[in-house]
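Here are my notes for you on this one, written as numbered points. Keep the viewer open while you read, and look up each spot as it comes along.

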Amino acid sequence: MLTLLQLCGRNLLTFRATQTISRSFYSTEMGKRVAVVLAGCGVYDGSEIHEASAVLVHLSRGGASVNMFAPDIDQMHVVNHLKGEPSQEKRNVLVESARLARGNIQDLSKLSVKDHDAIIFPGGFGAAKNLCTWAVQGKDCSVNDEVKSVLQAFHGEGKPIGLCCISPVLAAKVFPGCEVTVGLEKDDKYPDTTDTAAAINQLGCKHMSKSVGESHVDEKNKLVTTSAFMCNAPIHEIFDGIGVMVQDVLKLA
């Protein structure tokens, strides 16, 4: 019985120590103002919902205040997520993003870099279809003018930029020579990473091979990237990897 009580005591102390460390980290990050840029609602034609939610949860846990934005433009197309096929309807990126933001979202044109300490772009095909044209043009794509201006503004002020899943290609197009990750190359769990990494390298940037639970920090450009659903991983691993990215963004802010 005494041995059992001693063991329970040690476990309780370990748990309390972990709580203290967690509170200690997050308490130092209190008050950070973070902009989150969405690209619609739904993995195939907008922002990946689980990634966007994970970003928001980790920012909330980190004590950050969040403002959400999206460009007021038509989506490239609309995909029936049940069938996985394009439909004939038209939808607006800002209006669809409002679903994820519970209505509390602004036009990207109103985003002021002076009012924020950092910015984060969740992934999903919307990042490659609506925020840029990577999905159809690859490395020869163009980036939406407002998105490009926002990225350049945060970079110019030396404020950190977080990107996950496919959205690091935005940085690769806007910041020549930068370092990003979209996962592990030549690994079956990352089916699209090798080709995407090759395109990133062809742009003069450097792809860093990182697992789903890691982020890569480009210290020079203050870019923080993680692969998220570029990896066929359980959702909790995606969630944890995004948490690493968010923590690194807040550390730099």
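**Notes on the fold**

1. Let's begin with a loop residue. At 26% relative accessibility, Lys 222 counts as partly exposed, because that label covers values between 20% and 50%. You'll find Lys 222 in the loop between β10 and β11. Keep in mind throughout that this is a predicted model.

2. What does Lys 222 touch, leaving out residues up to four places away in sequence? The list is Gly 158, Lys 159, Pro 160, Ile 161 and Leu 252.

3. Now step back and take in the whole chain. The protein chain has nine helices and eleven strands. Of its 253 residues, 49% are buried. Take the contacts between residues at least 6 apart in sequence: 73% of them join residues at least 24 apart.

4. Next, the sheet. Seven strands make an open sheet, and reading across you get β5-β2-β1-β6-β7-β11-β10, with mixed pairing. The edges are β5 (106–107) and β10 (216–218); each has a single partner strand, so one side of each has no neighbour in the sheet. As background, strands of a sheet pair through backbone hydrogen bonds, and they can do so in a parallel or an antiparallel way.

5. Zoom in on β6 and β7. Strand β6 (residues 118–121) and strand β7 (residues 161–164) run parallel and are joined by three bridges. If you want to see how they line up, Ile 119 sits opposite Ile 161 in β7, and Ile 120 sits opposite Gly 162 in β7. Helix α6 (residues 145–156) packs on the sheet, where it touches β5, β6 and β7. The direction of α6 makes about 140° with that of β6.

6. Stay with β7 and look towards β11. These two strands also run parallel, with four bridges between them. Ile 161 turns up again here, standing opposite Leu 223 in β11. Are the faces of β7 covered or uncovered? Both are covered: Ile 161 and Leu 163 on one side, and Gly 162 and Cys 164 on the other, are all buried.

7. Cys 165 has a phi near 65°, which is positive even though the residue is not glycine. Cys 165 lies in the loop between β7 and α7 (168–174). With a relative accessible area of 8%, Cys 165 is buried, because the cut-off for that word is under 20%.

8. The other residue to check is Ala 228. Its phi is about 50°, again a positive value in a residue that is not a glycine. Ala 228 is in the loop between β11 (223–226) and α9 (235–252). Ala 228 is buried, at a relative accessible area of 1%.

9. The axes of α2 and α9 come within 9 Å and cross at roughly 50°, which makes α2 oblique to α9. The crossing of α2 past α9 is right-handed. Which residues meet there? From α2, they include His 50, Ala 54, Val 57 and Leu 59. From α9, they include Ile 235, Phe 239, Ile 242 and Val 246.

10. Last, the aromatic rings. The count comes to one aromatic pair. The ring centres of Tyr 44 and Phe 125 are 6.4 Å apart and their planes are at 40°, so this pair is tilted. Distant parts of the chain are linked by the pair: Tyr 44 is in the loop between β1 (33–37) and α2 (49–61), Phe 125 is in helix α4 (residues 125–129), and they are 81 residues apart. Are these two buried or partly exposed? Tyr 44 is partly exposed, at 37% relative accessibility. Phe 125 is partly exposed too, at 41% relative accessibility.

Conventions:
Residues are numbered from 1 along each chain as its sequence is written. This is a predicted model: local features need pLDDT of at least 70, side-chain atom pairs count only at pLDDT 80 or more; totals for chains, interfaces and linings use all residues. Side-chain values use heavy atoms; hydrogens and water are left out. Two strands pair if DSSP finds at least two bridges between them. Contact means heavy atoms within 4.5 Å. Axes are lines fitted to C-alpha atoms, for helices over the stretch in contact, and angles run from 0 to 180 degrees between N-to-C directions. Buried means under 20% relative accessible area, exposed over 50%, partly exposed in between (1.4 Å probe, protein chains only). Rings of Phe, Tyr and Trp (its six-membered ring) pair if their centres lie within 6.5 Å; planes under 30 degrees apart count as stacked, over 60 as edge-to-face and the rest as tilted. Angles under 35 degrees count as roughly parallel, over 145 as roughly antiparallel, 65 to 115 as roughly perpendicular and the rest as oblique. A crossing is left-handed if the near helix is turned anticlockwise from the far one by less than a right angle, and right-handed if clockwise.
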